[in-house]
Amino acid sequence: MRSNQRLWSWLLLAMVLLSALGLVAEKKKKSKDRANAAAMQMDEQKRAIHVLNRFTFGPRQGDIQRVESIGIDKWFEQQLYPEKINDSALDARLAPLRTLKMKTDELVRNFPPPQVIKAVENGRASIPRDSQEKAIYQAALDRQRQKQEAKQEAAEAQNNPDANANDSGKPRRNGRELEDRMYASLNADSLMSEPPDQRFKDLMKMPPDDMRAVARSLNQQERDRMFEGLTPQQKETLQALVNPQSVVQGELTQAKLLRAIYSERQLDEVMTDFWMNHFNVFINKGPDRYMLTSYERDVIRPHALGKFKDLLVATAKSPAMLFYLDNWQSIGPNSDQARFGGQRPGRGRLRRGPFGMIVYDPPKPRQEQTAQQKAKRPSGLNENYAREVMELHTLGVDGGYTQKDVTELAKVLTGWSIEKPQQGGEFKFDERRHEPGKKKVLGKEFKEGGEGEGVKALDMLAHHPATAHFISKKLAMRFVSDDPPESLVQRMAKTFRDKDGDIREVLRTMYDSPEFWAPEAYRAKVKTPLEFVVSAVRASGADVANPQPLVNQLQKLGMPLYGMQPPTGYSMRADAWVNSAALLNRMNFGLALAGGKLPGIQWNPTVDQNQPPGDAAGALANFETALLDGDVSKQTHATILNQLNDPQAAMRNNVPAAQGTNFRLIAGLLLGSPEFQRR
Amino acid sequence: MAITRRAFLKGGAVALVGTAAVPSFLTRAVYGSTAPITGKKRLVVLFQRGAADGLNIVVPHGEQAYYGMRPTIAIPRPSSSQLSAIDLDGFFGLHPSMEAFKPLWDQGHLAIIHAAGSPDDTRSHFDAQDFMESGTPGLKSTEDGWLNRAMQAGDPKQHSPFGAVALSTALPRSLAGKFPAVAISNINDFGVGGRNPNAAPISNTFEAMYAQSVDSVLHGTGQETFEAVKMLKSADPARYTPAPGANYPRGRFGDSLRQLAQLLKADLGVEVAFADIGGWDHHVNEGNTQGQLANLLREFSQSIAAFWNDLGDLGENTVLVSMSEFGRTARQNGTGGTDHGHANVMFVVGGPVRGGKVYGRWPGLEQSQLYQGRDLALTTDFRQVLGEMVYHHLGNRDLATVFPGFQNSPNRFLRILG
C-alpha cells in the first residue's frame, strides 16, 4: 500500500515536471513561430506601427521607437497590466474634473436636475448649506420660477387674445433684452480684469438673471479668461449656476478624450471604450446622464481586461443599464406588486375570544387590482433588457434563443431594480416585483430563487459557446478587420471557453495568431470618428488644455460621445462611417486642427531645425514621417507637393514667399488624406 | 420657376466632363442617352419626434367620447369661430392653427391616415422611434434604416450623390445603411475650407488625393463627395430664393424645408430626403386651440405649405409623408397634457396623392374600442403606408427587403397614390 502510494506520487511529480517542460517548450515554440511568421509578414517597424494602431488610439511621435526598444511582445504584455503602468501625467490633467470621483447620488445632489429643484420647491427636499451649492440651487429655483412665469404669461395671453392683438408687451421685452446684453458685456469686461478671488466673489453676488446674461455674452476665449485662476470647484460652480447638468456631462466627455489622448494605459482605454460601446448606455435618457460617470468608472473599467462574466453581471446590476433598458420597471405578472399594487400583506391578529380562548384573526385578504388600476402604472413584464442581453451582449442575434426565452428570462430578472433612480440610487432587488415560480431559459430550468435566479441565468449566458464566439468575433472586428477570418475567431473563442471568459487571455490568443500579423491586416481598419480625432491629436502632439472643441467635433462627425441612442452601440465597420458629409468634416477637422482654429488646443506644426527653409519636399517628407510614419502613397505625396509648388496656389493661400512653406497647410492636408483615415 | 435638368447640364455639368469625377447619370444625360434619368420622383420623409397628439391634430369632432375624455384640451366642433376645428369631412377636422393645410386639402393634394402607426406596444420614445426608422418594429438588431433600404435596389452609381439627403448634422437612423446618403445641416457649409476664399485649391488638392487613391472604399466615397460638392457649387442652390407665396416660418424645420426646396429646384438628383421636428411630448399644459401644441402645429403646417408652394411644378412628382413614433392617451391627464399612447395620424402631401380624404378604418373612442383601455387603437400599420410610397412612387418592388418580416403586398395598400 505504502510503496504504492509513493510510486503514485513520484509518477505524479514526473508528470507535472514533464508537462511543465512541455509548456515551456510550447511557449518557446510559439514565440519562435510568431517571429518566423512575422519575419515573413511584416518587418519590425511595421509590426510596431501595427500594434500601436491596434492597441492604442494611434501612435504619438517617438512611440514607434519606444515600442521597438522595449520589444514589441514585451510592450504588449505591459499593456495587458495597466495597473502597473504609471499614469501620473494623465491623473494631473484629470484632477480638476471633480465629478469623476463623485458617486451618482452626490452628482445629483451637487448638480441638481429639474426634478430635484421641483422637489425643493414643493418642500420635499431641502437646499444644501454650503454657500456654493446653495447658490447653484437658488439659481436653478430662480430659473424654474421664470419659466413658470413665462408659461403663465403665455396662458394668460391665450385666454385673452385681445390683449395679445396689439402686442403691447413685446417691444418692451425686446428693448429690455438689448439693454441686458449691453450691461452683460460691460459687466463681463470689468469682471475679467479683476483678480480671480474677487472675480468669483462678484460673480456669486450677481443676481442669477445677470449672471446668465453674462454667461451668454461670452465667447470661448472670453470664457477661458473668465475662468482663469479659479479653482476647479469655483469653475464648476459658475458653470452650474447656468446649467448644473452640463457640468456632469461636460466633465465626463472631456475626461474620455483626455484619457484617450494622454493615458499611458492605452490598451485599457481602448478596451474600456470597446466595452462601453458593447454595453452601450445612452447619456440623454433621463437620469442616465448622472449614472454614466459611475458606470464607466465602477462597472466597465475594473473589468475591461478581466472575466467576461464579472463584466456582464456588473452591467446587469448597474443602475445605468437597468434604467436604459427599462428592467428596473419590469414587474412579474403574478408578483405581489402586479396583483395587489401597493397593498402589503397583513399580519393577522391573536385575540382572546369567548371562554378565554385565544383566537387567530387572519389578515384581511388583499384586493386584486382591476385591469384599470393595472393600466395606470407599470404592472407587467418589460422584455427590453432580457432581449438585448441575449441579442447584443452575449449570444448574438443568431445565438439560438427564441421569443419564449426572452419572456422567460425577463421573468427571471424581475425585481432587479433601482432604489430611487432620479436621486442617483443604487441597485436593489425588489422581492415584491419578482415573478414567482419556475422558469425555463434556453432549455435550462431555474427554480424559484429570487435574485439568485438572475445571477445563475447570466452565468449561463456568459459561459454559452455562442457568447464565446460572438464576443471573440467582435473583438477581432475591433482589432483585426471588419470581416475577421473565421479561423482566428474560432481560436479566440476556444480560449474564451477554456479560460473562463478571461478577456486578457483572449487578447493574447489573438496577438499570437498569424491572422493578426497578416499583411492584409495592416492599416485595414477605417478609423471611427473618435479614433480619427484622437489619433490626429496624438500624432500632432498638440496640447489640449480644453477638450470641449474636440467633443463638439465628434458631434459634427456623427459620433457624439455616450450619444448613441439605440443599444447596438456604434458600428465598428467602415461602411457606417464613410459617407460624404463625414469625409468633408474629417478634412475640415484636419485643416482646423493644423490651422490652430480649435480654441484651447495648441499646435504649431514645425519641422526639424536642420530643414533648409523653403524646401517644400523636405518639409512634406518630415510631416509624412511625423503624422503617418511615412506610410503615404506616391499619389498623395505628389498631389500635396503640387499644391505647395504652385505659386498661384501659394499666392491664393496668402503665404508670402519669405515665410516659406506653409506647414499648417501640409499638416492639414495630410490629416485629411485617405491614408490618415485608416489605422 | 425651377430650372430644368437640361439647363443645368448646359450651364454647369458639361464643364465637368473630361474630369474623372462625373456621375454616371449625368454623363448619360449629357451625351443624350435615352435611358431614363433616375431622381425624377422624390419622397420626402418628415418625422415628428416626441409623439405628437394625433387626436388634437386631426380631430374626430364627430366622436362624442372625444369631448368627454378631454374636458379642457379638446378642440371645439367646427363653427364660425376661429377657435374651432376646421371641418374636413363632417367627422374629422384640422386643428385651427393648421389652416395652411386647408388649401392643400381642398386641392386634393393632402391625404390623412388616421389610427396609423407602429404595432409594437412600447411606449418608450426611444425604442419607438428606433423601430419606426429601422422599419422593423420589435427588432432592435436591424442596423440600417428603411429609407436607406428603399434606395438599395439596383446600382448605386445610377443615382446622384444627392440621391438620399438628410437635412441634419448626423445621418438619421432612417437613412443609415449601405446606400451613400448625405447629411447636410447647412448647404452653405457643405464643402472644404468653409467660407475661406482660399478654399478652392485646398478642395482641389483633397479631391485629387482621393481620386488617385488606391483605397477602394475611400476612393469611391471621396469621388462621390467631391461630385456632390461640385454639383452643389455649380448648381448654386443659394440662387433659388423661395417662390412668391412660399413663406417659411422661422425655426429649424422651416429652414430645413427651405434648403431642401433649394436642392430640389437646383435639380441635384435628390430622390429621398429626410427632415425632423421635435418638441411634441406634451405631458403638461398642452393647450387646446392655442398653446404649446397649437404653436408647434402652426410651424409644422406653415413650413410644409411653404415648401409645397415653393416647389411649383416640381410638386407633381414629389410626395411628403409624415410620422411620429406613437400617439398620446385618449384622455387628458391630470396636468393638462396627455401621456404616451399608441396609434397616431400620418399626413401624405404631393402631386400623385389622391387627397381630400381621411384613409384608414376609424376604430372609435368608446371605452371598449380603446387599445388597452387608454389609447387610440391601431388600424393601419405605418409600413403599409410607406410601402405604397416605396412601391409606387420610388418604384422599388422589393418590399421584403425594405420592410423585412412584414406582409406588405400591393393589394393591401390603401391606394393613397393614384
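Buried residues are those under 20% relative accessible area. By that cut-off A:Lys525 is buried, because its relative accessible area is 2%. The structure is a predicted model. Across all chains, the model holds 52 salt bridges.

**Salt bridges in chain A**

- A:Lys525 forms a salt bridge with A:Asp482, and the closest N and O atoms are 2.8 Å apart.
- This pair links distant parts of the chain, 43 residues apart. A:Asp482 is placed in the loop between helix H25 (465–479) and helix H26 (486–498) of chain A, and A:Lys525 in the loop between helix H28 (514–517) and helix H29 (529–540) of chain A.
- A:Asp482 counts as buried because its relative accessibility is 14%.
- A second salt bridge joins A:Arg47 to A:Asp73, with 3.8 Å between the closest N and O atoms. A:Arg47 belongs to helix H2 (residues 44–55) of chain A and A:Asp73 to helix H4 (residues 72–80) of chain A, so the pair ties together parts that are 26 residues apart in sequence.
- A:Arg47 is buried, at 8% relative accessibility, whereas A:Asp73 is partly exposed, with a relative accessible area of 28%.

- In chain B, the side chains of B:Asp144 and B:Arg149 form a salt bridge, at 2.8 Å from N to O.
- Both B:Asp144 and B:Arg149 are buried.
- One network, built from salt bridges that share partners, comprises A:Arg60, A:Asp63, A:Arg66, A:Glu264 and A:Arg538.

**Positive surface patch**

- Four residues, A:Lys438, A:Lys444, A:Lys447 and A:Lys456, make up a positive surface patch.
- Of these, A:Lys447 sits in the loop between strand E6 (444–446) and helix H24 (451–462) of chain A.
- A:Lys447 has a relative accessible area of 64% and is therefore exposed.

**Sheet in chain B**

- Three strands of chain B form an open sheet in the order E2-E4-E3, with antiparallel pairing. Strand E2 (58–59) and strand E3 (86–87) stand at the edges with a single partner strand each, so one side of each has no neighbour in the sheet.
- E3(B) and strand E4 (residues 93–94) of chain B run antiparallel and are joined by two bridges.
- Across this pairing, B:Asp87 stands opposite B:Gly93 in E4(B).

- Most residues other than glycine have a negative phi.
- A:Asp629 has a positive phi, near 55°, and is a residue other than glycine. A:Asp629 lies in the loop between helix H33 (616–628) and helix H34 (634–645) of chain A. With a relative accessible area of 15%, A:Asp629 is buried.
- B:Ala51 likewise is not a glycine, yet its phi is positive, at about 75°. B:Ala51 occurs in the loop between strand E1 (42–48) and helix H3 (54–57) of chain B. The relative accessibility of B:Ala51 is 0%, so B:Ala51 counts as buried.

How values were computed. Residues numbered from 1 in each chain as written. Chains lettered and ligands numbered in written order. Predicted model: local features only at pLDDT ≥ 70, side-chain atom pairs only at ≥ 80, totals over all residues. Heavy atoms only, no water. Patch = residues over 30% accessible without salt bridge, like charges linked within 9 Å, V, L, I, M, F, W, Y side chains within 5 Å. Areas by Shrake-Rupley, 256 points an atom, 1.4 Å probe, with all protein chains shown as cover. Lys, Arg positive; Asp, Glu negative; His and termini not counted. Charge placed at Lys NZ, Arg CZ, Asp CG, Glu CD. Helix = DSSP H or I, 4+ residues; strand = E, 2+ residues; numbered from the N terminus. Buried < 20%, exposed > 50% of the residue type's maximum accessible area, 1.4 Å probe, protein only. Pairing = 2+ DSSP bridges.
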